[in-house]
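Hello,

Here is the structure I said I would pass on. My notes come after it.

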Amino acid sequence: MPEALRQLHWQIAIALLFAVAAGALLGDSAAFIRVVDFLGQLFLNGLRMLIVPLIITSMMQAMLNLPAATSVGRLGGRLVGWIALSTLLAVLLGLLLVNTFQPGVVDGEPAGAALGLDAKTDTVMERVQDAGAGDMAGIFLRMLPPNIVEAAAEAQMLGVIVFSLLFGYFASRLDASLRDTQTRFWQGAYETMLRITGLIMRFAPLGVFALVSETVAKTGWQAFGPLLLFFLCVASALLLHLLVVLPVLLKLLAGVSGWQHLRGMMPALLTAFSTSSSAATLPVSIDCVQRRAGVSPSTAGFVLPLGATINMNGTALYECAAALFIAQAYGLDLSLSMQFLVVVLALLTSVGVAGVPSASLVAIAVILGAVGLPLEGVGLILAVDRILDMMRTAVNVYGDTCGAVIIARGEGEQPYRTRPQNDASG
C-alpha cells in the first residue's frame with residue numbers, strides 16, 4: 001500500500017468518496033441502509049463512550065500539570081478572547097453574505113410560500129416551542145449540576161468541565177505527596193484513554209463511510225432544490241471562515257501557516273464532518289493537536305474540551321444566517337438594530353449549544369422568538385440542515401484547534417516546531 005494511503009486522513013477522504021457513490025447507487029436498498037445505520041451507530045457509540053472519561057482525565061491532568069495556579073486564569077482569559085474574536089468575525093461574515101445575496105427572496109418576493117414547510121416541522125416544533133431567551137439562565141445552571149454523575153450520564157458537558165476544573169485546581173494545591181499521587185493517577189488514566197481512542201480511530205474510515213452513505217441514501221440531492229441559494233450562501237461563508245479568516249488569524253497571532261495546520265488537522269475535520277458532533281470529535285482533535293501540532297498536553301487538555309463546548313464559530317455563523325434567511329422568507333425586513341440583536345444572540349446561544357448534531361435548531365428558535373418570527377420558520381431549513389450541520393461542525397472543530405495553537409504560542413510553546421511524537425504514520 002502506498003505510504004500516503006496509510007495515513008488516517010487519506011483513508012477517511014477515500015471513505016467519503018466511496019460513501020457518496022454508494023449512497024447514490026444503493027439508496028433504494030433497505031438492507032443497505034440497515035447495515036450502514038448499524039455500522040454508523042456503532043462507530044458513534046464508540047466515540048461517545050470516550051467523551052466523558054476523556055474530558056475528565058484531560059482536564060485533570062491539564063490542571064495538575066500547569067506550572068502555576070495563575071496559568072489557569074491566563075489560559076482562560078486567552079481562550080475567552082479567542083472565542084469572542086473568532087465567533088464575532090464568523091457571525092459578521094454570515095450576516096454580510098445573507099444580506100448581499102438575499103436567499104430568502106425569489107424574484108423580488110418572499111420565498112416562504114414557495115418553500116413550504118418540511119414534513120418534520122411538527123417534531124421540531126415540539127423540541128423548540130418552549131425555548132426562549134430565558135433559556136440562557138439554564139446555561140449557567142448547567143454549569144453547577146446537582147448530581148455530577150447524572151450530568152455525565154446525560155452528556156451535560158458544561159457541568160462535567162466545571163467539576164473537573166474545580167477538582168483539578170484544588171488537587172493541584174494539595175501537599176506535595178498527595179498532589180504527586182493525584183498527578184500520576186490522572187496522567188495514567190489520560191494515557192489509557194488516548195490508547196483506547198487510538199483503537200477506535202482505526203475504524204474511523206468504516207464509520208465515516210457508513211454515516212455519510214446513509215445521509216446521501218436518505219436525502220439524495222433533491223433536498224437542495226429551492227434552498228440552493230441559502231445553502232450556497234452558508235456554505236460559502238463557512239468555507240471563507242475556514243480557509244481565509246481562521247488561517248489569517250493563525251498566521252498573525254501564532255506565526256503558523258494555515259495550510260500546514262489544515263493538513264495537520266485533517267483527520268479531526270473529516271471526523272467532525274462525518275459525525276456532525278464536536279463532542280464526538282474531541283478525542284481526534286486532542287490527538288491531532290498534540291501529535292501533529294506539538295501542543296503540550298496541558299494546553300490541549302485545557303483548551304479543547306472547553307472549546308468543544310463553548311467555541312462554536314460555524315454554529316454562530318449558521319444561526320445568524322438562518323435567522324436572516326427565515327426573516328427574508330417571511331417578508332420581514334430587519335432593521336440594523338434588530339440585526340445587531342441577532343448577532344448578539346448568535347454569539348451568546350452558540351456558547352450554550354451542545355456539541356451534538358442539530359442542537360443549534362433550538363438556539364435558532366431562541367433568536368426567532370426574540371425578533372418576533374414564528375418558530376415554524378425552523379421548518380424552512382430542515383431540508384439542508386443535516387448537510388450544513390456537517391460543514392459547520394468541521395468549522396467549529398477547526399476553530400478549536402486554531403485556538404489551541406494560538407494559545408500555546410502565547411504560553412511560550414513552539415507549535416509545529418517542537419513535536420512530542422512523530423506523526424509519519426498518520
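Below is what came out of going through the salt bridges, the cores, the surface and the cysteines.

Please keep in mind that this is a predicted model.

Salt bridges

The structure contains four salt bridges. One of them pairs Arg74 with Glu411, whose closest N and O atoms are 2.9 Å apart. Because Arg74 sits in helix H3 and Glu411 in the segment after H19, this pair ties together parts of the chain that are 337 residues apart in sequence. Both ends are partly exposed: Arg74 has a relative accessible area of 33%, and Glu411 has 24%.

Asp287 pairs with Arg291, with 2.8 Å between the closest N and O atoms. The two residues are four apart in helix H14 (residues 278-291), so about one helical turn separates Asp287 from Arg291. Asp287 is partly exposed at 26% relative accessible area, while Arg291 is buried at 17%. The cut-off for buried is under 20%, so Arg291, with its 17%, falls on the buried side.

Helix H19 holds a further pair, Arg392 and Asp389, three residues apart and thus separated by about one helical turn. Their closest N and O atoms are 3.4 Å apart. Here both partners are buried, Arg392 with a relative accessible area of 1% and Asp389 with 3%. Elsewhere, salt bridges with shared partners link Arg74, Arg78 and Glu411 into one network.

As background, side chains of opposite charge can pair when their charged atoms come close.

Nonpolar cores

Which residues have the most contacts inside the largest nonpolar core? They are Phe230, Val234, Phe302, Ile381, Leu388, Tyr398 and Val405, in a core of 105 residues. Helix H19 (residues 382-410) gives the most to this core, with 14 residues. Another core, of six residues, lies apart from it; Ala22, Ile33, Val36 and Ala217 are among its members. In soluble globular proteins, nonpolar side chains tend to be buried together.

Nonpolar surface patch

There is also a nonpolar patch on the surface, made up of Leu85, Leu89, Leu239, Leu240, Leu243, Val244, Val248, Leu252 and Leu253. Together these residues have about 750 Å² of accessible area. Which helices each supply at least two residues of the patch? Helix H3 (70-101) and helix H11 (228-254) do. The most comes from H11, which gives seven residues.

Leu89 belongs to helix H3. Its relative accessibility is 31%, so Leu89 counts as partly exposed.

Cysteines

Cys288 is buried, at 1% relative accessible area. Cys320 is buried as well, with a relative accessibility of 0%.

To recap the items to look at on screen: the Arg74 and Glu411 pair, the Arg392 and Asp389 pair in helix H19, and the nonpolar patch to which H11 gives seven residues.

Regards

Conventions: Residues are numbered from 1 along each chain as its sequence is written. This is a predicted model: local features need pLDDT of at least 70, side-chain atom pairs count only at pLDDT 80 or more; totals for chains, interfaces and linings use all residues. Side-chain values use heavy atoms; hydrogens and water are left out. Patches are made of residues with over 30% relative accessible area and no salt bridge: like charges are joined within 9 Å, nonpolar side chains (Val, Leu, Ile, Met, Phe, Trp, Tyr) within 5 Å. Accessible areas come from the Shrake-Rupley method with a 1.4 Å probe; for residues, only the protein chains shown count as cover. A salt bridge is a side-chain nitrogen of Lys or Arg within 4 Å of a carboxyl oxygen of Asp or Glu. Buried means under 20% relative accessible area, exposed over 50%, partly exposed in between (1.4 Å probe, protein chains only). A nonpolar core is a set of buried Ala, Val, Leu, Ile, Met, Phe, Trp, Tyr and Cys residues joined through side-chain atoms within 4.5 Å.
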